[in-house]
Amino acid sequence: LSEMSSWCLQDLDTKVNRKKIETLVTVHVHQRDIAQELYQLVRSKKVHDANDFDWLKQARFYWRPSSVDDVSNDGATVVSITDVDFNYQYEYLGAKERLVIT
């Protein structure tokens, strides 16, 4: 994260390169913050198991070899949020500016 952040202060040649790096930094900062929050919740014993809402509200990705999707019959990546599961559909959003991650 420190290395990527330092790239933001350099000349990256093109606007697209700058957006890519800024997006990577934003995503990694978000992931770091979520991991720290979950760690603190577990450490303070506010999250006891995988059924606690603070864990369930996170987007979780699971590989399910017995599932199928539109790309492969060999399994599927399933995204779980609270009590909803859906197959990952290989979305690509490109290099876009991100003000927040929800």
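Visitor: Is K45 buried or exposed?
Guide: K45 is exposed, with a relative accessible area of 62%. Exposed means over 50%, buried means under 20%, and partly exposed is in between (1.4 Å probe, protein chains only).

Visitor: What kind of model is this, and how are residues numbered?
Guide: This is a predicted model, where local features need pLDDT of at least 70, side-chain atom pairs count only at pLDDT 80 or more, and totals for chains, interfaces and linings use all residues. Residues are numbered from 1 along each chain as its sequence is written, and side-chain values use heavy atoms, with hydrogens and water left out.

Visitor: Where does K45 lie?
Guide: K45 lies in the loop between α2 and α3 (53-56). Helices (H or I, at least four residues) and strands (E, at least two) are DSSP runs, numbered from the N terminus.

Visitor: What is phi of K45?
Guide: Near 65°. That is a positive value, in a residue other than glycine.

Visitor: And D13, what is its phi?
Guide: D13 has a positive phi of about 75°, and D13 is not a glycine either. D13 is in the loop between α1 (2-7) and α2 (15-43).

Visitor: Is D13 buried or exposed?
Guide: D13 counts as exposed, at 68% relative accessibility.

Visitor: New topic. What is the strand order in the sheet?
Guide: The order is β1-β2-β3. It is an open sheet of 3 strands with antiparallel pairing. Two strands pair if DSSP finds at least two bridges between them.

Visitor: Which are the edge strands?
Guide: β1 and β3. Each pairs on one side only.

Visitor: How are neighbouring strands turned against each other?
Guide: By 30° on average, direction ignored. Axes here are lines fitted to C-alpha atoms, for helices over the stretch in contact, and angles run from 0 to 180 degrees between N-to-C directions.

Visitor: How many bridges join β2 to β3?
Guide: 4 bridges. β2 covers residues 76-81, and the two strands run antiparallel.

Visitor: Which residue stands opposite V79?
Guide: F86 in β3 stands opposite V79. Strand β3 covers residues 84-87. F86 is partly exposed, with a relative accessible area of 40%.

Visitor: Which residues form the nonpolar surface patch?
Guide: I81, V84 and F86. Together they have about 230 Å² of accessible area. Areas come from the Shrake-Rupley method with a 1.4 Å probe, and for residues only the protein chains shown count as cover. Patches are made of residues with over 30% relative accessible area and no salt bridge; like charges are joined within 9 Å, nonpolar side chains (Val, Leu, Ile, Met, Phe, Trp, Tyr) within 5 Å.

Visitor: Now aromatics. How many aromatic pairs does the structure hold?
Guide: The structure holds 1. F61 and Y88 form an edge-to-face pair, 6.4 Å centre to centre with 70° between the planes. Rings of Phe, Tyr and Trp (its six-membered ring) pair if their centres lie within 6.5 Å; planes under 30 degrees apart count as stacked, over 60 as edge-to-face and the rest as tilted.

Visitor: Which parts does that pair tie together?
Guide: F61 lies in strand β1 (residues 60-64) and Y88 in the segment after β3, so the pair ties together parts that are 27 residues apart in sequence. F61 counts as exposed at 53% relative accessibility. Y88 counts as partly exposed at 26%.

Visitor: What's the salt bridge count?
Guide: It comes to 4. A salt bridge is a side-chain nitrogen of Lys or Arg within 4 Å of a carboxyl oxygen of Asp or Glu.

Visitor: Which residue does R32 bridge to?
Guide: D33, with the closest N and O atoms 2.9 Å apart. R32 is partly exposed at 38% relative accessible area. D33 is partly exposed too, at 35%.

Visitor: And K57? Which partner?
Guide: K57 forms a salt bridge with E37, the closest N and O atoms being 3.9 Å apart. K57 lies in the loop between α3 and β1 and E37 in helix α2, so the pair ties together parts that are 20 residues apart in sequence.

Visitor: Which residue meets R64 in a salt bridge?
Guide: D85, at 3.8 Å, N to O. The pair links distant parts of the chain, with R64 in strand β1 and D85 in strand β3, 21 residues apart.

Visitor: Which residues are joined into one network?
Guide: E37, D54 and K57, through salt bridges that share partners.
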